[in-house]
Amino acid sequence: MTYVIHGATGAQGAPVVAVLAAAGKSVTALTRNADAVVDGAQHVVSAGYDSIAELTEAYRGADGVFVHLPVVSEEDRRTYARNIVAAVRAARPARVVFSTSGAPTDPDTGGAAAILAGGLANSGVPYAVIAPTLYLENLLMPYVLDTVRERGVLPYPIRADFPVSWASHLDIADVAVALFDRHDVTGVVSVGQYPAITGPDLAQAFGAHFGKDVVFEPITVEQMRVSVAPVIGEGPAADVAGLYQAMSTLPDRSIAPEDSAQKLLDITPRTTGQWLADLGL
């Protein structure tokens, strides 16, 4: 049994490779560099999101494909989403698991995640969509983690009273691997802490982990954009800022318990403290 993992050297793909490898599964790692060394992978294949032919060849005969869209311009993401759907339809892998990375899948948005989710639903190939809200790994960005360590302040562009069902890339990996085996679970699986927690709750968990007082500090979306642009690029930073601006009009970013991993798969995501401990920070 062979599983094809997009972004196998990246933040989302690498944990999926690790969980599959620990279970003794055969892994084909998709990367931009065919010479890359990927721990746990039996095969490394260079396949670009911009090539339907390369993706089709990579997917053919796979027992499972894990897909997520890279942090690039939304225009490129839409193109990549259409290419992935075309490749899935041509190659017919046994199962596709798509992580939205928190992007909306409502068809009315016309966004890349919506295009990919809708395309998979109409492909005739068994699939599932993992829907996290916000990633705990966002809190590892220097503007957050360094400020926690240096000033005892956790800055983030959400209101202090805004509940979020945070999840980690480690949780996504656990859910993705479970979904490869659970063909009876299809459609959307929400992944995140439930009940949702607030910014001050996050700060308290960080404080407990680091053994110091930490307070939460709401910052503006523009402050966040300026802070992350040097890391991910101006275009992607502007797209991310747009998502946070839209999110600021919502009452919360809580998952719904009825379609949660807790209910559908009996998988409970890590608490913030457990995640910090797993990272060994």
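Q: Hi! What kind of model is this, and how are residues numbered?
A: The model is predicted: local features need pLDDT of at least 70, side-chain atom pairs count only at pLDDT 80 or more, and totals for chains, interfaces and linings use all residues. Numbering starts from 1 along each chain as its sequence is written, and side-chain values use heavy atoms, leaving out hydrogens and water.

Q: Thanks! What order do the strands of the open sheet have?
A: The seven strands run β3-β2-β1-β4-β5-β6-β8, with parallel pairing. Strands here are DSSP runs of E with at least two residues, and helices are runs of H or I with at least four, numbered from the N terminus. Two strands pair if DSSP finds at least two bridges between them.

Q: Which strands stand at the edges?
A: β3 and β8 (187–191) do; each has a single partner strand, so one side of each lacks a neighbour in the sheet.

Q: What about β2, is it mostly covered or open?
A: Mostly covered: five of the six residues in β2 (residues 26–31) are buried. Buried means under 20% relative accessible area, exposed over 50%, and partly exposed in between (1.4 Å probe, protein chains only).

Q: How many bridges join β2 to β3?
A: Four, and the two strands run parallel. In one of these pairings, L30 has V45 in β3 as its bridge partner.

Q: New topic: where is V231 found, and is it buried or exposed?
A: V231 is in helix α8 (residues 221–232), and V231 is exposed, with a relative accessible area of 52%.
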